[in-house]
Amino acid sequence: MTGFQDDLLGYADDYVLGLMTAAEAELFEALVARDPALGAHVARMRDRLLPLDLSAPAAPLPADFADRLRARLAEVPQDTAVPARVAAPAAANLPAPPAWRRLASTAAALVLGLALGLGGAMTRPEPEPQVVAVLLDDQGLPRAVIEDYGNERAQIRFVADVEVPPGRSIQAWTLPSAELGPTSLGVLDGPRPARLGGPDLPAPADAQLYEITLEPEGGSPTGRPTGPIIAKGLAAAQGT
Amino acid sequence: MNEQPEQRSRRLEQALQACIQGRAEGIDAILEIEGPQLLGVARRILGRHDLAEEALQDAMVQVWRKCGQQHGAEGSARGWIYAVLKNRCLTILRDGRRLASLSPEELTRMQDARQDLVPDEGWQLLAGRGRLGECLDALDDPSRRAILLAHVAGYSHGEISARQGVPLGTAKSWIRRGLAALRECLS
């Protein structure tokens, strides 16, 4: 097994067991929406553990439950922005590692091209970044790009407007490993290009998670993301 | 009442299809087929009937909103619907502000009840009869307990490590190891 596949399966396990924070789960769902093989794995694991839920003693619904729900549904539009799904592979087993890698990085590469096209005039500094992550909002639109050079050096630039309410800050995060958890890359003055300086982290890896959240002014008080996610994405390794 | 499980699953798939087509009767049908069981799961995790009802209402709104994503997706309708509900329960459980309205006694009672959801003896009742129970039985005790605490009682990594009296990393590796073995056993 490659480390890459191990990580993904590990994330999937945590997700299915409800062990991710809300922010991590959202990040993972974005990945699942773009990777049918991963989605199939999650669905399988869920179905296998389902007997644990079916063992709970049933509780009768109150008489007006369905009516109250219907009244709420009348106010709620259904989401229409369904991410384009690649047909899921027919194989019942896990696809071989190259397929995982291909699926995840193809999707990343597709949005990457789009985001870089919107990105504009910033000249690319030397040396090349080790990974590039395009951060998408919940509509799947690119908002920012993070280039991570390793050695605690990264930079972020914004490719679409990000509204920051007064008294709030944008904070950038990455998830180097499940062990380390979400780690701050820095608090930003506003949606402007900035250099990020994280703590001493392992070299950034392919498919590593990056995200930006809205936090109280000056950054998260807990050292973990607490606010709403503005955008998130997975890194794509650059070069060879 | 004594409907075959396969028949019930099929009706649930049809109900979800109706939702995907924008027909709200699908939601009524889901409640009719699966509502009491769903409420039971929420009740077990949250320990309180009012919170359980709130979780199920919110979850069904999510099902209505997001069912389009399930179009052509793998896995059962039931598995997805329960996952949406469980997520909603966990959000309530981990939302300090949401629980701030409860008195300290109520909170304590809620946490105590969760403690007792996963007994050392008799945990087999949780898995029912079938392959899952056999595979859980084959795991080492700490891994099995950690997995059950997470899935059945909604424990976080931190809560599992506190309950079991081990460092966070140890709790995480129990779960990782246990789930890898479980996957192998079930496939």
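Trainee: What share of the residues in chain A is buried?
Mentor: Of its 240 residues, 49% are buried, meaning under 20% relative accessible area with a 1.4 Å probe, protein chains only. This is a predicted model, where local features need pLDDT of at least 70, side-chain atom pairs count only at pLDDT 80 or more, and totals for chains, interfaces and linings use all residues. Residues are numbered from 1 along each chain as its sequence is written, chains are lettered from A and ligands numbered from 1 in the order written, and side-chain values use heavy atoms, without hydrogens or water.

Trainee: And how many helices and strands in chain A?
Mentor: Chain A has six helices and eight strands. Both are DSSP runs numbered from the N terminus: helices are H or I with at least four residues, strands E with at least two.

Trainee: What area is buried between chain A and chain B?
Mentor: About 5100 Å², 59% of it from carbon and sulfur atoms. Buried area is the accessible area (1.4 Å probe) that two parts lose on being put together, summed over both.

Trainee: How many salt bridges between chain A and chain B?
Mentor: Seven, each a side-chain nitrogen of Lys or Arg within 4 Å of a carboxyl oxygen of Asp or Glu.

Trainee: What does B:Glu53 form a salt bridge with?
Mentor: A:Arg68, with the closest N and O atoms 2.8 Å apart.

Definitions and conventions. Buried means under 20% relative accessible area, exposed over 50%, partly exposed in between (1.4 Å probe, protein chains only).
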